[in-house]
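Here's a quick briefing to read alongside the model. Have the sequence and the 3D view open as you go.

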Amino acid sequence: MLSRVLVAVVGIPLILIVLLFCPPVCLPIVLCVLNVLIVYELLWATGALKQKRLVVYAAILAMFVPFWYYFGGSMVAFVVAVFLFLTLVALDAVTSAEDVTFEQICMSFFAGLVVPMMLSALVLIADEDYSNFLVVLPFISAFISDAFALFAGMLFGKHKLAPKLSPKKTIEGSLGGFVGAVLGCFAYGLIVELAFGGEADYFVLLLYGLLASLLAQLGDLFFSYIKREYGIKDYGKLLPGHGGILDRFDSVIFCAPFTFIMVHYLTFFQF
């Protein structure tokens with residue numbers, strides 16, 4: 001537990017610095033690094049890491065995604081990138097002396113494109129009006145939901161939520177996650193109003209908190225499903241007390257694109 005707290009104490013300020021105080025280009029750079037680590041963790045977890053060329057192709061594609069968003073998301077660039085990736089993978093599959101399975105190919109595509117596109121939606125949020133106040137929302141909803149779910153489960157947990165996927169998760173913990181996300185979004189609205197002179201739409205914030213917590217918990221369970229499918233406990237050991245990058249950012253991966261959709265159509269704050 002102490003190691004989890006220490007990682008949070010160090011990690012959360014670093015996240016805020018990147019999101020709020022660094023030049024805009026720093027966000028896609030950081031996401032490049034995170035995406036490559038996610039590629040490594042997913043392909044290690046699923047046994048595809050031994051296919052070195054697949055790892056390289058997936059890593060290059062994962063690095064492309066945040067900058068593709070950052071520079072405007074040209075469909076031509078996207079088609080070219082996916083075309084080159086699939087062409088190289090196809091050539092490798094039909095010419096390699098090693099046995100490259102279709103499962104490994106699919107996982108490299110999932111790790112190299114699908115997950116990076118979801119996480120890198122943070123770049124799209126950062127391009128919205130009043131982005132400094134919006135880009136932190138996925139982290140507020142995901143991290144506070146996770147924290148409240150953990151402590152509520154420890155204190156009150158009796159009924160298993162998904163015993164086959166994550167034996168320690170409970171219904172009581174899940175409900176705590178919803179409460180935490182809603183309270184966190186409400187508190188954030190108050191901070192924006194009192195400290196920055198904005199006007200928060202609390203209905204939108206509370207609705208967002210509920211739905212984002214649901215997606216955060218779904219993301220957690222989904223990546224737990226992958227771990228159980230391949231018989232591993234954690235995706236890595238990079239973050240003490242948490243595991244790998246995926247063990248910490250699994251909920252954010254689902255919250256980031258949802259947040260972009262919400263802020264694109266609804267108004268959270270007015271100034």
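Does Phe-64 count as buried, partly exposed or exposed? At 24% relative accessibility, Phe-64 counts as partly exposed; buried means under 20% relative accessible area, exposed over 50%, and partly exposed is in between, with a 1.4 Å probe and protein chains only.

Keep in mind that this is a predicted model, where local features need pLDDT of at least 70, side-chain atom pairs count only at pLDDT 80 or more, and totals for chains, interfaces and linings use all residues. Residues are numbered from 1 along each chain as its sequence is written, and side-chain values use heavy atoms, with hydrogens and water left out.

**The chain as a whole**

- You'll find 11 helices and four strands in the protein chain; these are DSSP runs numbered from the N terminus, with helices being H or I of at least four residues and strands E of at least two.
- The radius of gyration is 19 Å, which agrees with the value near 18 Å that a compact globule of 271 residues would have. That radius is taken over C-alpha atoms, and the globule rule is 2.2 Å times the number of residues to the power 0.38.
- Along the principal axes, the C-alpha atoms fill a box of roughly 65 × 45 × 30 Å.
- Of the 271 residues, 48% count as buried.
- Looking at contacts (heavy atoms within 4.5 Å), 73% of those with a separation of 6 or more are between residues 24 or more positions apart.

**Surface and charge**

- The accessible surface of the protein chain is about 13700 Å², and carbon and sulfur atoms hold 73% of that. Areas come from the Shrake-Rupley method with a 1.4 Å probe, and for residues only the protein chains shown count as cover.
- There are 14 positive and 18 negative charges, and their mean positions sit 15 Å apart. Lys and Arg count as positive and Asp and Glu as negative, while His and the chain ends are not counted; each charge is placed at NZ of Lys, CZ of Arg, CG of Asp or CD of Glu.

**Aromatic pairs**

- The whole structure has 24 aromatic pairs. Rings of Phe, Tyr and Trp (its six-membered ring) pair if their centres lie within 6.5 Å; planes under 30 degrees apart are stacked, over 60 edge-to-face, and the rest tilted.
- Phe-64 and Trp-68 are stacked, because their ring centres are 6.2 Å apart and their planes are at 25°.
- Both of these residues lie in helix α3 (residues 52-70), four residues apart, or about one turn of the helix. Trp-68 is buried, at 10% relative accessible area.
- Tyr-208 and Phe-268 make an edge-to-face pair, with 5.5 Å centre to centre and 80° between the planes.
- This pair links distant parts of the chain, 60 residues apart: Tyr-208 is in helix α10 (residues 202-230), and Phe-268 is in the loop between α11 (245-265) and β4 (269-270).
- Tyr-208 is buried at 0%, and Phe-268 is buried at 2%.
- Both belong to one aromatic cluster, whose members include Tyr-130, Phe-133, Tyr-188 and Phe-271.

- Gly-244 is in the loop between α10 and α11, and is buried with a relative accessible area of 0%.
- Gly-244 and Asp-234 are 10 residues apart in sequence and 6.6 Å apart C-alpha to C-alpha.
- Setting aside neighbours within four places in sequence, the contacts of Gly-244 include Glu-41, Tyr-235 and Leu-239.
- Arg-248 is in helix α11 and counts as buried, at 13%.
- Beyond residues up to four places away in sequence, Arg-248 touches Phe-143, Asp-146, Leu-239 and His-242.
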